[in-house]
Amino acid sequence: MTGVFGNDVYNGLRAHYTAPDFFAGGKNVMKEFIYERDAKDTGSNIPSDRFIEDGTYIRLQTLTLGYTFKNFNGWLNNLQLYVSMNNVFTITDYKGLDPEVNLGGIDPGVDYRWKTYPHTRTTMIGAKINF
């Protein structure tokens, strides 16, 4: 389990993709554009505190489950089957893709996702055989 408590994250993607001038240019926007942004908002891409969100989260980072069969059919000593998963689940109220953002450098606590990819869920299935 990993997590962070009590931090704030600036949701740069939400600020960018709910901007009225972005929509007026014929680009795709998020559905929040219809409900949360005023069409007369001329300062749409100017950073403000309206896009600061609670970045608290707790994540089950890795989970591995396995079972070992012993004295399997007389010709195997044992057989172990397992499944391992990374990024199993994340509990958060953050509206962006991933609340785990860079907390150092020149833009700490900003979620732009221009240069990083959100955490992906991976699953690995395996077997270990001892003769």
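# Close-up views of a predicted protein chain

View 1. Helices (H or I, at least four residues) and strands (E, at least two) are DSSP runs, numbered from the N terminus. Along the sequence they follow the pattern β-β-α-α-α-β-β-β-β-β. This is a predicted model, in which local features need pLDDT of at least 70 and side-chain atom pairs count only at pLDDT 80 or more, while totals for chains, interfaces and linings use all residues. Residues are numbered from 1 along each chain as its sequence is written, and side-chain values use heavy atoms, with hydrogens and water left out. Of the 131 residues, 31% are buried; buried means under 20% relative accessible area, exposed over 50%, and partly exposed in between (1.4 Å probe, protein chains only). Contact means heavy atoms within 4.5 Å, and among contacts between residues at least 6 apart in sequence, 65% join residues at least 24 apart.

**View 2. Here is an open sheet of 4 strands in the order 1-4-5-7.** Its pairing is antiparallel, and two strands count as paired if DSSP finds at least two bridges between them. Strand 1 (2-4) and strand 7 (122-130) are the edges; each has a single partner strand, so one side of each has no neighbour in the sheet. From one strand to the next, the twist averages 10°, where axes are lines fitted to C-alpha atoms, for helices over the stretch in contact, and angles run from 0 to 180 degrees between N-to-C directions. Strand 5 (residues 76-92) is joined to strand 7 by 9 bridges. To find your way along strand 7, look for Asn-130, the bridge partner of Asn-78.

**View 3. A second open sheet has 3 strands in the order 3-2-6.** The pairing in this sheet is mixed. Strand 3 (52-54) and strand 6 (110-111) stand at its edges with a single partner strand each, so one side of each is left without a neighbour in the sheet. Strand 2 (residues 8-11) runs antiparallel to strand 3, and 3 bridges join them. Tyr-10 has Ile-52 in strand 3 as its bridge partner.

**View 4. Two aromatic rings meet at Tyr-10 and Phe-51.** The structure holds 2 aromatic pairs; rings of Phe, Tyr and Trp (its six-membered ring) pair if their centres lie within 6.5 Å, and planes under 30 degrees apart count as stacked, over 60 as edge-to-face and the rest as tilted. Here the centres are 6.4 Å apart and the planes stand at 90°, so the pair is edge-to-face. Tyr-10 is in strand 2 and Phe-51 in the loop between helix 3 (32-36) and strand 3, so the pair ties together parts 41 residues apart in sequence. Tyr-10 is buried, with a relative accessible area of 12%, and Phe-51 is buried at 3%.

**View 5. Tyr-67 and Phe-69 form another edge-to-face pair.** Their centres are 4.9 Å apart, with 75° between the planes. Tyr-67 is exposed, with a relative accessible area of 53%, whereas Phe-69 is partly exposed at 32%.

View 6. A salt bridge is a side-chain nitrogen of Lys or Arg within 4 Å of a carboxyl oxygen of Asp or Glu. Between Asp-98 and Arg-59, the closest N and O atoms are 2.6 Å apart. Asp-98 lies in the loop between strand 5 and strand 6 and Arg-59 in strand 4 (residues 57-72), so this pair ties together parts 39 residues apart in sequence. Arg-59 also meets Glu-100 in a salt bridge (2.5 Å, N to O). Arg-59 is buried, with a relative accessible area of 1%, while Glu-100 is partly exposed at 31%.
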